[in-house]
Amino acid sequence: MNTAAPAGSKTRVISNTTIAWIAAIAALTLVNWYCLGIVEEEFTGILPYGVAYWFGNVLDVLLAVLTIGTAIRVGLRENVGKIWLLVGLAVAAYTVGDIVFTIIDLHLGQDPYPSLADVFYTLEYVFLFWAMMRAIRSYRALVPLTTPGIIAAAFGVLGVAIIYTQLLATYIFPSASETGFWGTLVSTFYPVGDIVLMLVPAIMLALVIRQLGAGRLGWPWWIVVASSFVLAVADAAYSYRDWAGLPGSSLLDSGWVVSLALLAIASLVARDVYRSR
Amino acid sequence: MALISAKGSFVATFRDHVVSTLAPYVGQAVADTCVRATALSLGKTTDTLATDDFPILENNVRRLLGPVAPSNVIADLLHTIERGS
């Protein structure tokens, strides 16, 4: 267990270990971006394509282990430990989804969409939504939640309206006979989930944490908010690009892993913030 | 009575000492909330809070910060408040 020292003493909050991890995660995420470029380009054999796929999967596993490891170190009896476990489970769910996707697509040569992978991708949304709502609720005795809730809900209604007009009504619903029930369901869930399960709680969390000012307990949650924005934008943009028949972008595709990387970094920052000094 | 803040400088009142201890973690506004909640439960104003009110403050800090911070951090903050008072 951590040993106590005076709160607010002038020791640096973010440790050298965390800074080193952030640098390593950033470097690995850049390599993954390069690998996604390989996936987007025409490929000549299984090796570079497979390496690119599996590099991303191994990176996902590392990020999941880091995030869940932090939750365990914070302590699963603590409310904050349970919240970080939910964040870790979100990263783990995406990781399993990616591995299943890779096996179906790369090794079995089947269409991975929709597939078992989507069950795990969906679980990421559920766990992250759960974590953010639980984090928001934790502050109910300290800051008002009603106004942040109303503002976030207003953004949610606007976002769903945009998704409906630009994506659902334009592309997805008219193609329902071709994509089938599950295809339509999954295609509808992702963009709507990006708004309802990611953007809305992220906006509300941001408005709640904003009330802490520079208070360090809010630092990791700002990174979680950033991660949710990146995930929502990357995923919604991917859906639009895919349905509108626009060309691929490795930068956009790297949004998912950047989102996971931010969650892992948030957990590392949380570990430092929660450390007694 | 002069108190020593978490940053090592002298502060005027118990209220200031508590706020300066909690603020680096939860921000000024939430730190004020913790102090106000304690004063309210005692039927006092924040400026008339005294070191004798520490047990009630401790209960309030544990109740309010318990969901958002691990117990080691809360114990650490309370220790700093108590030591400074």
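Which residues of α5(A) are buried? In this predicted model, local features require pLDDT of at least 70 and side-chain atom pairs count only at pLDDT 80 or more, while totals for chains, interfaces and linings use all residues. Residues are numbered from 1 along each chain as its sequence is written, and chains are lettered from A, with ligands numbered from 1, in the order in which they are written.

The buried residues of α5(A) are Pro148(A), Ala152(A), Gly159(A), Ile163(A), Leu167(A) and Ile172(A); a residue is buried if 20 or more other C-beta atoms, placed from the backbone, lie within 10 Å of its own. Their cover includes α6 (176-209) and α7 (219-244) of chain A. Helices are DSSP runs (H or I, at least four residues), numbered from the N terminus. Helix α5(A), residues 146-172, has 27 residues, yet its end C-alpha atoms are only 34 Å apart, short of the 39 Å that a straight helix would reach at 1.5 Å a residue. A kink of about 45° is centred on Tyr164(A), the bend being the angle between axes fitted to the seven residues ending there and the seven starting there.

Asp98(A) is placed in helix α3 (residues 79-107) of chain A. This residue counts as buried because it has 24 C-beta neighbours inside 10 Å. Not counting residues up to four places away in sequence, Asp98(A) touches Gly56(A), Asn57(A) and Asp60(A), where contact denotes C-beta atoms within 7 Å.

Between the chains, 26 residues of chain B are in contact with 25 residues of chain A. To the side of chain B that touches chain A, α1(B) gives the most, with ten residues.

Conventions. Helix = DSSP H or I, 4+ residues; strand = E, 2+ residues; numbered from the N terminus. Expected span 1.5 Å × (residues − 1). Buried ≥ 20, exposed ≤ 12 C-beta atoms within 10 Å, placed from the backbone. Contact = placed C-beta atoms within 7 Å.
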